[in-house]
Amino acid sequence: MEVENVTVLLWDSLQNFNEFMTNWGFYNGESNIYNDVKQFQSEKEFVNKLNDTQPDENLVFCCHVNFGNLKEGYYLFKNSKIEQKFNIPDVYYISSGGDDAENALKKESVGKIIVRQYNDFEADIRLGRIKTFKKDELYPKARVKDKTLKEGIFLSHSSKDRVVVEKFRDLILIQGLGYNINHIKFTSSDITGVKGGISIPQDLKDFLINKNGFFIQFISEDYVKSRVCLNEEGAGWVLCPQNQFLSILIPPASIKSLSWIKSLDKGIKLDNSDSLKKMYFERKSFFDSSKFDELNFTKQVDCFVDWYNSTKPSH
């Protein structure tokens, strides 16, 4: 394969990374050997770099190894678990240490170790000894946001549940998932509701048709008694695919309160952390994974459930 058709995805910590030396090593003093070399040092940065590549690009994955300090390359990479999470076909370790580096790494790993020096790596690509892959061969594919989906989120709720839904929006959607408040239609808020002087039905219709990508209904005893809420539910049924429609139960509402048409996951319970987390993990393609931090998301979900269970807002 021609090297100029290959993009190198390079794991290299900032402590390890020397742009001049890396360029010299990969490019051998020339400027256009590879299509590109994209450096990163975290899963979040890797996803960003991956999103910048084209579907037909030939990719190879490398980890730079500082033979004198394995902590600053090899161990950091292994601890990130990117290789397992994304099913990287082959990881090529790049080191000027050659055979000595390969022997050292083999003592530290039970998996396959492939070590190349910079010059050997270029030659092996040309000879077809280095396997390339396309980004759509990786998984979870859902970690790369589906850009064909509209970005809006519609929060269908009874006005009597305003406090609960607002807290959900702030803690889980905004703080937990990094979602932009301007993309959320929450009619009980002056910021994200219907602007003054605008027809409410027309505004909601425009949002659902042109902007909404995720319809969330908060089903409570007040919701099922509200004609407005049921009208919104009906519009959601018609306009949203099943995987873009989510029902969340506000106790004491139960599964019996759910309309049968959209009961994909039989409703998520607002007072249960594990249940709430399904909102993200079962619909990853909707959210921007570059903004997702699982520890932070879990923390915000737990904070919301603790708040809800301690305050027991009236419904």
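Confidence is highest in H7, at 93, and lowest in helix H1 (residues 19-27), where the mean is 60. The pLDDT falls below 50 over residues 260-265, although this stretch has 14 contacts in the model beyond near neighbours in sequence. Where pLDDT is low, the predicted coordinates should not be read in detail.

Helix H7 spans residues 162-176 and carries a kink of about 25 degrees centred on Arg169. Arg169 itself is buried, as are Val164, Val165, Phe168, Leu171, Ile172, Leu173 and Gly176 of this helix. Just after H7, a positive phi of about 65 degrees is found at Gly178.

The largest nonpolar core comprises 32 residues, of which Ile153, Phe168, Ile216, Leu270, Met279 and Phe304 touch the most other members. At least two residues of this core come from each of S6, H7, S8, S9, H11 and H12. When neighbours within four places in sequence are set aside, the contacts of Ile216 are with Ile153, Phe154, Leu155, Ser156, Phe168, Leu246, Ile248 and Met279. Another core, of 22 residues, lies apart from the largest one and includes Phe77, Ile88, Ile113 and Phe133.

Conventions
Residues are numbered from 1 along each chain as its sequence is written. This is a predicted model: local features need pLDDT of at least 70, side-chain atom pairs count only at pLDDT 80 or more; totals for chains, interfaces and linings use all residues. Side-chain values use heavy atoms; hydrogens and water are left out. The bend at a residue is the angle between axes fitted to the seven residues ending there and the seven starting there. Helices (H or I, at least four residues) and strands (E, at least two) are DSSP runs, numbered from the N terminus. Buried means under 20% relative accessible area, exposed over 50%, partly exposed in between (1.4 Å probe, protein chains only). pLDDT is the predictor's confidence in each residue, from 0 to 100. Contact means heavy atoms within 4.5 Å. A nonpolar core is a set of buried Ala, Val, Leu, Ile, Met, Phe, Trp, Tyr and Cys residues joined through side-chain atoms within 4.5 Å.
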